Amino acid sequence: LLFDLDGVIVNTAEYHFLAWKEIAGRLGIPFTRGDNERLKGLSRMRSLEVLLDIGEKKLDRGEEERYCEEKNRIYLSYIRKMEKDAILPGVRNFLHEAKREGYLLALGSASKNAGLILEKLGLTNSFDAVIDGNKVSRTKPDPEVFVKGASALGMEPEKCIVFEDAEAGIRAAHAGGMKAVGIGKRENLPEADMILDSFRGIVPETIESMLI
Ligand code: B16
Ligand code: MG
């Protein structure tokens, strides 16, 4: 089982949105929650590029890097205040059940802040492998993050199930030959093999029996 982090394990997707909204305001770019769906799962720099596209603006590389640093500074100010209970409903129990039933678990996140977030949630030792933005060079929808996760677990892609809240992540899972469960709304995740609105009351065996 391969888990995205932001928007699947923890509601940091909201903090990413608030931080980008502030950067968009400084750049004079109107930015809605609908626009934000396009940024989910993308690397920090790729997200800025999409934001600049939306605003039809261009920056030089140095300015782009400064805006990315600034966005991360704002984002981290939210993360520092985050408590263990920021974990999304049902996730702790789902991970616990999955471990108990012998599933192998990996994190597959585009975030370079994944280590800090897992620590804040007390989940550092919950995964058999952690592949994050520091370990990949290609952003979702490229499958690299999940292919590396599957390989770290020693599992064939067709036996892997990815949990994702971003369309870019669903595409990454499929490009890697894996099944993809969308966490969220069908309208935002049209290509997911199945949709859950949360992990509440869900056990891994049910998902496996529906997909594999
Ligand atoms: P950072 P995920 C992704 O994490 C987020 O969905 C995306 O919005 C963010 O830009 C990206 O991480 C990079 O995060 O700025 O913390 O390195 O959803 O793949 O867990
Ligand atoms: Mg995500």
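Val 181 stands opposite Met 194 in strand 6. This is a predicted model, in which local features need pLDDT of at least 70, side-chain atom pairs count only at pLDDT 80 or more, and totals for chains, interfaces and linings use all residues. Residues are numbered from 1 along each chain as its sequence is written, and side-chain values use heavy atoms, without hydrogens and water.

Strand 5 and strand 6 (residues 194-196) run parallel and share three bridges. Pairing requires at least two DSSP bridges between two strands. Strands are DSSP runs of E with at least two residues; helices are runs of H or I with at least four, and both are numbered from the N terminus. Glu 164 faces Gly 182 of strand 5. Between strands 4 and 5 the chain passes through helix 8 (residues 167-175), in a right-handed β-α-β crossover. Right-handed means that, with the strands pointing away from the viewer, the path from the first strand over the helix to the second runs clockwise.

Strand 5 (residues 179-183) has four of its five residues buried, so the rest of the structure largely encloses it. Buried means under 20% relative accessible area, exposed over 50%, and partly exposed in between (1.4 Å probe, protein chains only).

The structure holds 15 salt bridges. Each is a side-chain nitrogen of Lys or Arg within 4 Å of a carboxyl oxygen of Asp or Glu. Three of them are tabulated.

| Salt bridge | N to O distance |
|---|---|
| Lys 140 and Asp 4 | 2.9 Å |
| Glu 164 and Lys 140 | 2.8 Å |
| Glu 97 and Arg 100 | 3.1 Å |

Lys 140 sits in the loop between strand 3 (129-131) and helix 7 (144-153), and Asp 4 in the loop between strand 1 (2-3) and helix 1, so their pair ties together parts 136 residues apart in sequence. Lys 140 is buried at 2% relative accessibility. Asp 4 is buried at 4%. Glu 164 is also buried.

Glu 97 and Arg 100 lie three residues apart in helix 5 (residues 91-100), about one helical turn. Glu 97 is buried at 15%, whereas Arg 100 is exposed at 59%. Elsewhere, a network of salt bridges links Arg 46, Glu 49, Arg 61, Glu 64 and Glu 65.

Terms used. Chains are lettered from A and ligands numbered from 1 in the order in which they are written.
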